[in-house]
Amino acid sequence: MPYGVGIDLGTSFTSAAVHGHGGTRMVPLSPGVVIPSVVYATPDGRLLTGAAAEHAARAGGDSSRLARGFKRRLGDPTPLVLGGAAYSPAALMAAQLREVLTHVTRVEGEPPDSVVLTCPAIWGPYRREHFAEVPRLANVPSSQLITEPEAAATHYSVERTLGDGEVVAVYDLGGGTFDTTILRMRAGEMEILGTPEGIEHLGGIDFDETMLAHVDDRLDGAVSALDRNDPAQAAALAETRARCVRAKETLSTEPDVELTVPLPSGPRRLLVTRLELNEMIRPSVRLTTDGLRRTISSAGLRPEDLSAILLAGGSSRIPLVQQFVHEEFGKPVRAALHPKFTVALGAAASAARSSQESTQRLSPVSPPGGFPRQTATGGTPLRRRKWLVPVAAAAVVALVAAVTTLILTAGNEPVQEASAGSGSTPTESTTTTSAAVAPSIAPPVGGSASTSTRTEPTQQTQSDLPTLWVYDNGPVPPFHSLIASTDNWAGVDFGEEGARQKPISATPDGQGGLRVTWAGGSPGQIYIQNVADARDLTSYVNSRGALVFDVVVHTAPADRTTVAVHCIYPCASEVVATKMFRGMPPGGKVTVKIPLTCFTAHGLNAAMVNTPFLVYTAGAFDATFSNIRWEANVSDATPCTDMG
Ligand SMILES: Nc1ncnc2c1ncn2[C@@H]1O[C@H](COP(=O)(O)OP(=O)(O)OP(=O)(O)O)[C@@H](O)[C@H]1O
Ligand SMILES: [Mg+2]
């Protein structure tokens, strides 16, 4: 089956997505889906990438062989020296690309028909020429190049979050660069207006350095005094840096964070607050909004002409960034639930068209909209103005209905999300379910043995299929219980003590149940998820299986309420269960049995389930859930149509 792949070789993380017959989806490269953009040169001259590289550096204790952040060095004639050998940044990026393509090919069972790579919009001909070396060195015969904000915009457009005639800005703040572009939707096409631009060397890595310098300051220079030539001290520095990154990311959801710095003289603890971080990065964030303003002007527009600003890139999750962008331009700010995936998903959607065309004729693959597209192996220059990008395939539009949109509503208010998801989000306009159907069986997240997953015999109907317990007086390992809401859509994993966010709280009731209270006013969800893996549960579907749970409704739902199953973002399916919950006697325990076919009929890929239970609502609702499981051979399940 022909498919296209989009690969985002980011400064900090590398990710890949594919588009095939059934839609667009991420290809997990690790348990966290993305892999770090790092390369390790082994003493025998091999280049390891991603987690293997990090592992080798840790195991060998030789961080001088490990390179990170080299995308920023592309075009720099001075090579990187790893373990005494010189490498060009292009060679290191090629090693990453080769590894990712090998993995994708293994997972999909065949090589892709088209490959779309992405690069920062700010890169001019010189850097693009150097980047053209990357696929060449990786032995990728033909690939295409689009800019990262264009890819992000494509992703938003296929998610249907853009209406006809809408003019939007993309604001992409990743690990290494800031990129921005303006585009207009017209008759199903995306028109790039003005000059996409960006700021080099402005991204999460810089915020990490700022945080490290702050910590060093607070510890009277104890961090900068560490001797990088001493292996133990170099390791302490690397660990401190990693903790600073984690602390920075935590401050996107928490007001403060305690940081332990592992100094050779003993650990030192200090508290860092979000306000401190805000003060440190405010000037940089100001530069990004200035950049966006210039891009808007370059398109001959004013901020008032925009209908929204779309956020992409991991650093766009920083609350100050969202607040600044909203305050500065007074426009709704929309953020994807997983901003780190946006570029790869958009590139894959873009590759889809090329992939379809390549089935009709072999080469060269023409760009969307019939305009010349730059090939990553050189050639036709990329048109930077009025480049028409048809909104990938209609199939993609239909399938990726899971809108992952945050809308910033007012000044300093926290972001409000129009919809939600542990990986994808239901929308109010979705009547029953929404999903991206993965056509082929994907591997378990983080699993490399894709072949065994593909060939696993799952079609048999089994009468003795054991009950799959998901929550039994607590989440049953490997499942975790999480809540997520407008406070933090990334999800808060909780244990016996429960968890609370503004619109939702969840507390184990001590009698085997989990009491979940939605306060109303903004959406929230409870879900049980295997955070590290996905399982092929097709056999439950084939055996007349059902999602079964007990529920005591204390207060009926005030708003539309859904029960969902997820199969790794953006694959998901939900049933509307408002009527069902409202019809239950308050205070009485009811056993709910939802046929799994209600989910598979609307896009659940049961071969890769990671979230077997999720309840979402935006209004007030109070209920205790218990005994959550998947059962086979359920003959008395509720018809799908009776729940909404
Ligand atoms: N919740 C968060 N809060 C703050 N920063 C975050 C959060 N999550 C991720 N980041 C930061 O986002 C950056 C990575 O984002 P992303 O993967 O989009 O960048 P990239 O694609 O590798 O870089 P670039 O696009 O600049 O080449 C890292 O610096 C990471 O620390
Ligand atoms: Mg990026």
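Predicted model: local features only at pLDDT ≥ 70, side-chain atom pairs only at ≥ 80, totals over all residues.

User: OK, how many disulfides does the structure hold?

Analyst: The structure holds two disulfides, and if the bonded cysteines of the protein chain are numbered in sequence order, they pair as 1-2 and 3-4.

User: Which cysteine does C567 form a disulfide with?

Analyst: The partner of C567 is C571, and the sulfur atoms of the two lie 1.9 Å apart. The angle about the S-S bond of C567 and C571 is -80°, and this link is left-handed.

User: And are C567 and C571 buried or exposed?

Analyst: C567 is buried, and C571 is buried as well.

User: Now the other pair: what does C598 join to?

Analyst: C598 is joined by a disulfide to C640, with 1.9 Å from S to S. This pair links distant parts of the chain, since C598 sits in helix α14 (residues 596-600), while C640 lies in the segment after β34 (620-631), 42 residues apart from C598. The link of C598 and C640 is left-handed too, with -90° about the S-S bond.

User: Why does C640 count as partly exposed?

Analyst: C640 counts as partly exposed because its relative accessibility is 37%, and that value falls between the cut-offs of 20% and 50%. C598, in turn, is buried, with a relative accessible area of 2%.

User: Changing topic, why does C119 count as buried?

Analyst: C119 counts as buried because its relative accessibility is 0%, and C244, at 1% relative accessibility, counts as buried too.

Note on methods
Residues numbered from 1 in each chain as written. Chains lettered and ligands numbered in written order. Heavy atoms only, no water. Disulfide = S-S within 2.5 Å. Buried < 20%, exposed > 50% of the residue type's maximum accessible area, 1.4 Å probe, protein only. Helix = DSSP H or I, 4+ residues; strand = E, 2+ residues; numbered from the N terminus.
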